[in-house]
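The sequence and structure come first, and the description follows.

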Amino acid sequence: VAREESARAEAVSGFLIELFTAAASGRIRDEVPTTDELLAIGAQRARDPGVGPPAVRATLLETVGRVYMTQDRHVEAEAALRESLQLRARDNPADAVGRAHAEATLARVLTRRGEHDAALVLSAAVLARVGPATRPTLPLREDLVDVRVAALNSLGRYDEALVEATT
């Protein structure tokens, strides 16, 4: 596991260097690439099998999806996160925690897009799979509960949101 994490970190580092190098090519020396340019190049590169094994590409696509989410670009975020989940399922079906984190991010994107029912279904499924709160899963569970409370409040289901927030 430690070797896999080390290899993944190295691949991500190399990816970032390549990303900025590709974005800077053909530019005037002091011209800085825009966030949109970096994201477009990053998403394209993360989809390339030559970048690395599926686990690395899944991590990169999840990261790209998170950045898109912070920019309120939810369509692009959802696409990147769904691709990340497909790669995770193909590469390592046993990667339950990594998959759960990507699904939690996707549930947050769905809530922000106004797809509250879909976010509730997805977050409930992830919570059921993750099981009881343990030290490694506590932040994930808190994130999922936060998504659920936001979705329930948006649907006007305030009593359910209160119960969800206090259990």
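Contact here means heavy atoms within 4.5 Å. By that criterion, and not counting residues up to four places away in sequence, Glu 103 touches Leu 85, Leu 122, Val 126 and Arg 129.

The structure is a predicted model, in which local features need pLDDT of at least 70, side-chain atom pairs count only at pLDDT 80 or more, and totals for chains, interfaces and linings use all residues. Residues are numbered from 1 along each chain as its sequence is written, and side-chain values use heavy atoms, with hydrogens and water left out.

**Overall layout**

The chain has eight helices and zero strands; helices (H or I, at least four residues) and strands (E, at least two) are DSSP runs, numbered from the N terminus. Of the 167 residues, 38% are buried, where buried means under 20% relative accessible area, exposed over 50%, and partly exposed in between (1.4 Å probe, protein chains only). Among the contacts with a separation of 6 or more, 53% are between residues 24 or more positions apart. The accessible surface of the chain is about 9,600 Å², and carbon and sulfur atoms hold 56% of that surface. Accessible areas come from the Shrake-Rupley method with a 1.4 Å probe; for residues, only the protein chains shown count as cover.

**Nonpolar cores**

In soluble globular proteins, nonpolar side chains tend to be buried together. A nonpolar core is defined here as a set of buried Ala, Val, Leu, Ile, Met, Phe, Trp, Tyr and Cys residues joined through side-chain atoms within 4.5 Å. The largest such core has 31 residues, and those touching the most other members are Leu 60, Val 64, Tyr 68, Leu 106, Leu 122 and Leu 144. Two or more residues of this core come from each of helix H2 (35-46), helix H3 (54-70), helix H4 (74-91), H5, helix H6 (116-130) and H7. Apart from this core lies another, of five residues, including Leu 120, Val 149, Ala 151 and Ala 161.

Helix H3 has 17 residues, and its first and last C-alpha atoms are 24 Å apart, close to the 24 Å expected at 1.5 Å a residue. The expected span of a helix is 1.5 Å times one less than its number of residues. Because 12 of its 17 residues are buried, H3 is largely enclosed by the rest of the structure. The buried residues of H3 include Leu 60, Leu 61, Val 64 and Tyr 68 and also the charged residues Arg 57 and Glu 62. Leaving aside neighbours within four places in sequence, Val 64 is in contact with Leu 39, Gly 42, Ala 43 and Ala 80. Just after H3, Asp 72 takes a positive phi of about 60°.

The 12 residues of H2 should span 16 Å, and the end C-alpha atoms of H2 are 16 Å apart, which agrees. Leu 38, Leu 39, Gly 42, Ala 43 and Ala 46 are the buried residues of H2. They cover an arc of only 125° around the axis, so they lie on the same side of H2. The arc is that of the directions from the helix axis to the C-beta atoms.

**Salt bridges**

A salt bridge is a side-chain nitrogen of Lys or Arg within 4 Å of a carboxyl oxygen of Asp or Glu. The count by this rule is 15 salt bridges.

| Pair | N to O distance |
|---|---|
| Arg 45 and Asp 48 | 3.3 Å |
| Arg 99 and Glu 103 | 3.6 Å |
| Glu 164 and Arg 148 | 3.1 Å |

Glu 164 in helix H8 (residues 158-166) and Arg 148 in helix H7 (residues 138-154) are 16 residues apart, and the pair links distant parts of the chain. Glu 164 is buried at 17% relative accessible area, and Arg 148 is buried at 13%.

Arg 99 and Glu 103 both lie in helix H5 (residues 96-112), four residues apart, about one turn of the helix. Arg 99 is partly exposed at 25% relative accessibility, whereas Glu 103 is buried at 6%.

In the remaining tabulated pair, Arg 45 is partly exposed at 25% and Asp 48 is partly exposed at 32%. Elsewhere, a network of salt bridges links Glu 78, Arg 82, Arg 113 and Glu 115.
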